[in-house]
Amino acid sequence: MSGAAGVTRSVLVVGDGVVGLAAAIALRRALPGAAVRLVQLPGDEDSWLNRLGAASPIIHRFHRQIGLDPRLFARRTNADPAYLRHYVRDGQPAVREASTAAIPFVEGVPLHHIWLRHRLEDGEGAPDFAAMLLALREARGDEGGFGPRFDIAAYQGLLGEMAAALDIDIAAVADVTVTADNGAVAGLSADGGAWLRADLYVDAAGPRSRLLTALGAGWTDWSDWLPKLSLSMSPDGGGAQGDERLAYEGGGIVWQTPVWRAALAPDATARGPGCLGRCWLGNAVAIGEAAVRAPTADGVGLGVALEDILRLIALLPRPDGGGQEQREYDRRAAIAYRALADWSGLSTAPGADGPPGLAEIGAAFAARGRVAIDELSPIQPGEWLARLMALGPPPRRVDPTAWALPDAVVRSTIARAAPARVPT
Amino acid sequence: MIRPEPVRVVILGGGTAGWMTAAALAKLLPGQADIHLVESEEIGIVGVGEATLPHLREFIRRLGLDEMDFMRKTRATFKLGIDFVDFGAIGERYIHPFGAYGTDIAGVGFHHYWLRMKAAGRVPPICDFSLPIVASRARRFAPIPAGGDFLDSSYSYAYQFDATRMAPMLRAFAEAHGVRRSEGKVVGVDRDGTSGDIAALRTDRDETIAGDLFVDCSGFRALLIGEALGSPWEDWSQWLPCDRAAALPCTAPDGPIEPYTRATAMPAGWRWRIPLQHRVGNGYVYSSAHLSDDEACGAILGAIEGEPLADPRVLRFRAGRRTKSWDRNVVAIGLASGFLEPLESTSIHLVQQAVTRLVELFPQRRIDASDRDTFNALVDREYDRIRDFLILHYHATRRDDSDFWNHVRTMAVPETLQRKMDLWRTSGRVELYTQGLFLEASWVAVYLGQGVVPISYDQRADTPAPDRLAKSLTELDQAIRQRVAAWPDHGDYLRQAGAWEAA
């Protein structure tokens, strides 16, 4: 086994935002024999992930993997687990959304089709679909939901402490320049001086990143499909625990959580959405906003970045490998990023055309309530279902399997949700 | 009326595929599907697919059938995997188990740790770390207990059964659930003048059966999808050259019953051996370009381990599938839709998969093109993934003892398979997908079983200290042996559980 000789002895992570810190910690855990070094760059105002304290439920799995106690995370970052969203759109009644990871089934029939049948048969007297999912949540004690909302600065501080405790070397520099050689990074020069080298370079420098572009990776622009939005945060949180409220106004969104308030506003000067054509070239991989940017009014942006880290670790190549893992990484990342683009379109500009993938998802859902997403989408089928039910046009057809159910099953399924009805 | 009108479904053909479709639609779509099946007793059924995959249990469960009753009626035995003999090289064998090897450690697949220990020269074969393999070799079986430990959840099982007994059983079930049946041969197909869709079938008994949706389960004849609609066939024989089988049942030997199917590579293909309660199914799957029918019949007669119960019967087929399994208002299910040789017991699974998709995408009386397109995309993906997995069994070989093996060893394989093999060879990793029949453990089984050892493995597997890792592997090995030693003999369990049909 000749290739087994090659071992990653050093990793250089560029960028000390939450994604860079999280990556450095995860790599340190995965490669206890390797030196992990982090290059700290001045703050990047274009970054959303360093300012928006929101993650999808994947963060819980990530924390388990790096050994971060969930109670410590919750206490230090003032985290609130979001599980009910209220959407307010111009001139429309408020809509509620609750979420599960998997699409719930009752007697082999998707829950939403039972609900749709009941609504057709019994008119407007039905509980909303969110109530159906909340009832499930209560019955199962499901953590599910939308993931935590938290104080991002506190989280960054917590990860910084963890990195220091794990002997991750942090070097603060004003800027780095990349020297490329034969499709790989030969080294980085810090502030025009000190020379930094490693077996693996992880670009977590956020929107300003250029490590992969220095190697010739192209950027695919999504401005035609997705809105250009700027983000501003204010610390005045409010509302009931677990609740958040999204008001769509004038092409922007005001998003109120118990922990903070965010305003997403149309801004032609904002850095546009898009992604790298290749995320892993030679010995360098870009993750998080260095690889993909799309506005989200939920925790999926950070969720996708954490998935990048998990994917990177699952496919960690040996330095002398043939590049097959890199290709597999790119294949999986491309699927994840397309899913993010579709999700971003649905959530930040509901009703607009959005990316081509979203049009297909929307058409399949509108036709007969199918959630036609890729099997490797980092956004789970249950999450898609909840959002499509909340924001998309409702399916035109009730599934025949739901019509085939005995009336009593439909009645009892709906009755389970009735106690969970909450006035909006 | 809000509730849609029932869709008139006409199923042509009463073999395994026809009655599986009828039973599932009748059970899962009462009031939504009005089902009429037409078949002729004069036309025999192929009854291929004596060995099955664990997914069939879900089909039985959804129909609400009693498992033991099903096993008695089809003279079934349990199946924990397939024993592949002489595939990688003559004299080598491995079992592709329904289950995993070992357990992940720190989120890293077990086989990476095994590869590390193998490189260091201090590890038993990987099959020792699979509960279903060790149980197969010991010819033992136990059902999966609810709420069991990691070993209990490390395996699954299927059945080996008499396929010709399944259709009559499902027929009784379907008719009890309201399916109408007509006896007769189809002699005419009426098309709608405007749309070109099929409007009705006419039989030799002067019956005209009209419908909205037609399900073609007429087998290789493909009377509707092929003859009537001319839907194109995508041929895969350049990768899967076997196109015939010489099948032959023989008496079951006394003694323990193998809870697994055996596939033995032969000079021009391979032969199956499937132990049932009352007999053993055998067949030589071969390439007619490399072997004559007489030679194949002679070879299978010479290879069986019991008294022949019939003369060898030659079946003809070709590997491939329709480019559209659902065309206009005709859905092809079973052999009319496509064929992949039974090397991994996928025939009945492909029927089950298509039926499940049809239920999921069941149309209204006027068919929506998007339902059809989605069905075809899902069926294609399933076929394509199985195809690549089957080709691997032939291509990953060192055999050079016959023209047949020289051909499959050196042929160009589909790009989708080449990419998977390249990833494995260099890194010990398996291309990730979550939907489909054969996931990581299956690919690992065939790669390692046929001698495709990667040059590297996940470097995270280097983390545990060598002695600690060796100790945990030894403990796992012992735990599996102890568990299997406590299991009953397979034959004893069949009788004990009430699965045995007293002859």
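Reader: How many residue pairs are in polar contact between chain B and chain A, with both residues at pLDDT 80 or more?

Author: This is a predicted model, in which local features need pLDDT of at least 70, side-chain atom pairs count only at pLDDT 80 or more, and totals for chains, interfaces and linings use all residues. Side-chain values use heavy atoms, without hydrogens and water; residues are numbered from 1 along each chain as its sequence is written, and chains are lettered from A and ligands numbered from 1 in the order in which they are written. With polar contact taken as N or O atoms within 3.5 Å, one able to donate a hydrogen and the other to accept it, residues adjacent in sequence counting only through side-chain atoms, the count is 18.

Reader: Which helix of chain B gives the most residues to the side that touches chain A?

Author: Helices 4, 9, 10 and 12 of chain B each give two or more residues to this side (helices being DSSP runs of H or I, at least four residues). The one that gives the most, with six residues, is helix 10.

Reader: Which residue of chain A forms a salt bridge with Glu360(B)?

Author: Eight salt bridges (Lys or Arg side-chain nitrogen within 4 Å of an Asp or Glu carboxyl oxygen) cross the interface. In one of them, the closest N and O atoms are 3.4 Å apart, and the partner of Glu360(B) is Arg370(A).

Reader: Is Phe141(B) buried or exposed?

Author: Buried means under 20% relative accessible area, and exposed over 50%. Because its relative accessibility is 0%, Phe141(B) counts as buried.

Note on methods: Buried < 20%, exposed > 50% of the residue type's maximum accessible area, 1.4 Å probe, protein only.
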